[in-house]
Amino acid sequence: MARFDHVDRGRFGLMARKIAFACCVGVVGGLASVALCLAVDAAAKYFSHHHEALFLLPLFGFATMLVYRLLKIPFTTGTDTVIDDARAGRNIPPALTPAIFAGTFLSVLGGGSVGKEAATLQMGASLGGLVARAFGLRLPEDASETEGLAISCGMAAAFSALFFAPVGATVFVVELVRLKKGVRKEVPYLFIAALCGFGVASAVNIGDRVAAVSLPDLSVLLVAACVLVGALSGLFGSLFSWALRTARRRTGAWPGKGALGIVFGGAIVIAVVAGFGQYHLAGPGAAVLDQALTATVLPTDFLAKAVLTVAAIGFGYKGGEIMPVFCIGGLLGNALGQLIGFDAGFCAMLGLAAFFGACSKCPLAAIAMGGELFGIAALPALALAVGVSSLVTSELGMYGRGMWASVRREYRAVRAKQKVR
């Protein structure tokens, strides 16, 4: 009996420490997200009034390289590498937080088509590991599982604070990181961290919100719009993800440790924005997304935004992919709505979710976030569009192979072994 009491107290003591850790990392991640929003929004506002800053974009890229070198962070570190580290339970250096913060600020200051999300995910991962060490948190099974839990909690907290979406953020991290078996049972702590991050952002009302969309009545045309937008979002999402991965891979192989990519990518951004007068498509794209959700846009805007995003993020500029992906999907959906003569704002909403699901390979997160952003009533339409998108897209997204593709491959391998027996 004494032994049982001792084990029981130890288990509940560890649970209490994990809850306290999740709350703490949620608050820290939320505050980091708020600080990033204030800085990046100030940079975007400056660029909107000083378009000549566009021609300084390559200089801002070199300044970012210098920051990374001073902080001893590899310049090739991106969201995909942080995700790989989270999957393996490897340590994320705390210096990544100021590095990605500064890099994102400088990219947006020069009109780079980047968002805040990579910074929030990377900052959350870095801060999660830091807070875990401050708590002395150690899972008895495996040190890498401790690191995986810490990183995942930080990512969920920061991402939830950015988009006011605790459920979507939790599901997104679970699908994205593909938690190890020993960490999967810790998912409730991710949700606690996400709720705390959401609470911090909600208290000050600082984060990324999207415009509300009115939902049309159920009709055959509505269902057709869901299928069409979902299918084309899946196909274009596969092409966009391939272009982004290819640009990153080629840039990493070039000499100069990224300097040539900064010059080449900056030249493309300057040529498209200044040469074709696309200043409204520079930067994260939140204002353009709101326009796509509430009015009509030029049918070619989605293609121009995609080129700008690949040129910036693919060739080394620091910042997030998700708001630009939201924007591209919204613009694509809006253009398709105009094409078929249906509600363009509603189709933009479908495109946002379906394109994000196709690029991230996180369909459940796309549906959950869509429900939090646009309301529960939109879930059936979002689920249909995202489902169709998932059926026609490739297995590889902008972060590599998705969780569900890996699950399917594992299932096929098990079935093949059973047949051999």
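Is Cys 347 buried or exposed?

Reply: Cys 347 counts as buried because its relative accessibility is 0%, where buried means under 20% relative accessible area, exposed over 50%, and partly exposed in between, judged with a 1.4 Å probe and protein chains only. This is a predicted model, in which local features need pLDDT of at least 70 and side-chain atom pairs count only at pLDDT 80 or more, while totals for chains, interfaces and linings use all residues. Residues are numbered from 1 along each chain as its sequence is written, and side-chain values use heavy atoms, with hydrogens and water left out.

A search of the whole structure finds zero disulfides, a disulfide being a pair of cysteine sulfur atoms within 2.5 Å. Cys 347 accordingly takes part in none, and the nearest cysteine sulfur, that of Cys 226, lies 7.9 Å away. Cys 37 is likewise counted as buried, because its relative accessibility is also 0%.

As for the setting, buried residues make up 56% of the 421 residues in the protein chain, whose secondary structure comes to 18 helices and two strands; helices here are DSSP runs of H or I with at least four residues, strands are runs of E with at least two, and both are numbered from the N terminus. Among contacts (heavy atoms within 4.5 Å) between residues at least 6 apart in sequence, 82% join residues at least 24 apart. The chain exposes about 17100 Å², of which carbon and sulfur atoms supply 68%, with accessible areas taken from the Shrake-Rupley method with a 1.4 Å probe and, for residues, only the protein chains shown counting as cover.
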